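Here is a short briefing on the disulfides of this chain.

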Amino acid sequence: MRLTLLASALLLGALPAFAQVSAPTAEPKQPISFDLSGIDKTADPCTDFYQYACGNWKKNNPIPNDQTRWGRFNELAERNNYLLYQQLKAAAEAPKTPLQKKYGDYFAACMDKPLADKLGYTPLQPQFAAIDSFKDPKKFATFAGMMEDKYGVGFFFGFGSDQDQKDASQVIGAIDQGGLSLPDRDYYLQDDERMTKIRAQYLEHLTKMFTLIGDDATQAATEAKAVLAIETALAKGSMSRVDRRNPANVYHVMTIAQLQELTPSFDWKVYLAAKKESSLSTLNVASPEFFKTMNSELTTQSPAALKSYMRWHVLHRYSANLSEPIATENFNFFGASLSGQKEQTPRWKRCTSATDRALGEAVGQDWVRQYFPPSSKDSMEKLIAALEKSLGEDIKNLDWMSDATKVEAAKKLAAFRQKIGYPDTWRDYSKLATKRTDLIGNLARASAFEDRRDLDKIGKPVDEREWLMTPPTVNAYYNPSQNDINFPAGILQPPFFDAKLDPAVNFGGIGVVIGHEMTHGFDDQGSQFDDKGNVRQWWTDEDRKKFEDRTDCEVKEYDGFTVAPGQNLNGKLTLGENTADNGGLRIAYAALMSVLAQQGGDAATAQIDGYTPQQRYFLGFAQVWCENTREATARLRAKTDPHSSGQWRVNGSIQNFDEFGKAFGCKKGQPMMPVNSCRVW
């Protein structure tokens with residue numbers, strides 16, 4: 001990193017004025033972990049605990065016009081984004097290091113709306129010219145490789161690195177389905193009234209977008225129909241989100257010769273040479289049927305139709321960053337029509353997020369110095385240790401699992417690795433050039449940089465230190481191939497964690513988050529990976545059958561939860577997250593009870609604000625998920641999001657856990673304490 005800074009030092013000097021556009025008017029408030037004012041005491045906690053815990057919060061926190069939903073996650077993300085904006089603005093105006101100049105220039109270019117409006121779609125003319133010169137579909141492989149490397153735009157499929165399911169210590173090359181613009185294959189294939197209307201709106205949107213880059217009305221309509229036809233064909237060949245949840249369904253290692261037989265119209269040797277990966281002898285073909293479909297489209301579609309498809313994907317890739325008419329039309333369909341968003345997100349928010357995506361570990365270095373003290377990391381390590389112990393006890397005491405499988409489960413838990421806050425080694429961005437007056441070029445170079453960084457991992461041992469999220473991110477994840485749990489600095493603050501509050505609230509917040517990620521190691525997907533990250537059957541056949549019977553209970557349960565009129569959750573799509581929610585709630589509760597027992601005295605019964613520790617735990621958990629969601633967004637998420645909505649993340653979990661009913665004095669048979677419930681972990 002020192003060499004990077006020294007090499008960049010010559011770039012420092014006088015800078016053009018920073019274009020200040022739609023700046024925030026006020027700093028967002030720091031979220032709080034336990035909100036008494038958010039509780040609706042007119043509701044019965046035994047009938048609808050989510051309404052009890054969040055009713056007043058929902059009433060007092062309507063969705064901002066620039067959001068599709070608004071919840072406690074959003075509150076924290078908004079604050080983190082604002083703090084990040086302040087950092088980026090300062091770097092754009094007066095950078096103190098070469099790295100700050102790099103991300104400051106990226107941000108400044110994004111914020112320069114007057115220049116974007118002046119340029120219109122002209123930054124895309126080199127890409128369009130290249131597409132116009134395309135003549136022969138038989139040479140598409142060469143063309144596709146060039147467009148990816150030079151302009152950061154891919155067509156039809158994705159190519160990158162992947163951890164080998166059979167040898168998790170190694171990185172292999174992989175190709176996967178892609179090429180769609182709508183959120184999911186169902187948007188092209190389902191014939192109900194809503195989806196039919198969306199496709200009609202999409203066709204209208206395509207037509208408008210083509211006119212905005214110079215087509216006359218007839219040409220635009222022709223191009224739009226070609227795009228929809230090709231994407232619909234690709235959707236038919238795509239694997240569903242539910243089917244992709246099974247690791248075996250997306251693992252098909254083939255030789256290049258076998259892949260060539262699958263897709264005779266696409267020359268893979270030529271493509272791999274263009275991508276500087278000629279030495280590859282095998283690839284994981286995640287979705288073979290999709291590549292048969294791609295081959296058919298390359299064979300049967302006219303060059304003109306293929307050009308329209310490629311022109312669209314270039315335009316779609318960059319449309320949000322072009323002139324006002326193009327960016328507005330892009331928002332009108334993808335933001336307003338699909339998600340119900342009322343207003344475009346302010347430019348400062350979009351540019352802050354874009355810079356974080358492109359240079360996240362450059363920006364993150366400065367961010368964590370200010371907002372993630374060492375004490376937060378120490379607290380997390382203690383919480384994780386408590387949760388690991390709790391999950392270990394849970395596994396040991398399961399009455400449905402044999403001793404043989406318990407030994408393997410305990411081995412996997414003992415092998416868990418954890419990453420807290422930020423990477424130990426920061427990513428090197430020295431080869432990424434950013435220019436203060438070239439937004440589209442910055443986007444293309446950042447995409448090509450990330451593509452090359454990813455491909456360079458192929459054939460090498462897995463880097464277990466790598467992060468998949470940036471430090472300010474309000475999220476967490478479990479990686480089954482590495483068997484590790486990961487908690488970015490962005491989530492380790494209120495409402496999830498607050499060192500000033502009692503353990504009950506913190507265990508209900510960040511404790512359940514930790515337990516949730518740990519349980520992912522044992523959900524329907526994670527349970528197929530062993531302690532080393534390899535896909536392997538480490539269960540006895542009988543135990544696996546018992547496990548699947550229990551997860552089937554959850555599938556049926558969550559299938560019955562409604563998120564919008566006529567729209568229910570998909571229990572199979574959300575199974576992993578639901579299992580993690582239920583398991584996380586149980587093991588964090590057990591960890592809290594252990595801590596309170598160690599404290600002794602009246603720690604397990606002492607009331608604060610009129611609530612026992614047990615009640616505060618469940619309230620702390622529920623209030624993390626308080627949210628309001630637009631109906632269009634709720635419908636979209638039900639099709640595409642593996643997470644349940646906030647209401648059912650709360651009520652679905654607590655109705656499966658009798659300790660909740662005991663804490664609030666519920667009776668068996670009430671909605672939040674049913675006679676029959678589901679339990680996996």
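In this predicted model, Cys46 and Cys666 form a disulfide, with 2.1 Å between their sulfur atoms. The count of disulfides comes to four, and three of those bridges are described below, grouped by pair. A disulfide is a covalent bond between the sulfur atoms of two cysteines.

**Cys46 and Cys666**

- The torsion about the S-S bond of Cys46 and Cys666 is about -90°, so this disulfide is left-handed.
- The pair links distant parts of the chain, 620 residues apart: Cys46 sits in the loop between helix H1 (2-8) and helix H2 (49-60), while Cys666 belongs to the segment after helix H26 (658-663).
- Cys46 counts as buried because its relative accessibility is 4%, under the 20% cut-off.
- Cys666 has a relative accessibility of 11%, so Cys666 counts as buried.

**Cys110 and Cys351**

- Cys110 is joined to Cys351 by a disulfide, S to S 2.2 Å.
- With a torsion of about -80° about the S-S bond, the disulfide of Cys110 and Cys351 is left-handed.
- Helix H4 (residues 98-111) holds Cys110 and helix H16 (residues 347-371) holds Cys351, so the bridge ties together parts that are 241 residues apart in sequence.
- Is this pair buried or exposed? Cys110 is buried, and Cys351 is buried as well.

**Cys553 and Cys678**

- Another disulfide joins Cys553 to Cys678, and here the S to S distance is 1.9 Å.
- The S-S torsion of Cys553 and Cys678 is about -75°, so the disulfide is left-handed.
- Cys553 lies in helix H21 (residues 541-559) and Cys678 in the segment after H26, so the pair ties together parts that are 125 residues apart in sequence.
- How accessible is Cys553? Cys553 has a relative accessible area of 28%, so Cys553 is partly exposed; that value falls between the cut-offs of 20% and 50%.
- Cys678, by contrast, counts as buried because its relative accessibility is 5%.

- Which pattern do the disulfides of the protein follow? With bonded cysteines counted along the chain, the pattern reads 1-7, 2-6, 3-4, 5-8.

Key. Residues numbered from 1 in each chain as written. Predicted model: local features only at pLDDT ≥ 70, side-chain atom pairs only at ≥ 80, totals over all residues. Heavy atoms only, no water. Disulfide = S-S within 2.5 Å. Helix = DSSP H or I, 4+ residues; strand = E, 2+ residues; numbered from the N terminus. Buried < 20%, exposed > 50% of the residue type's maximum accessible area, 1.4 Å probe, protein only.
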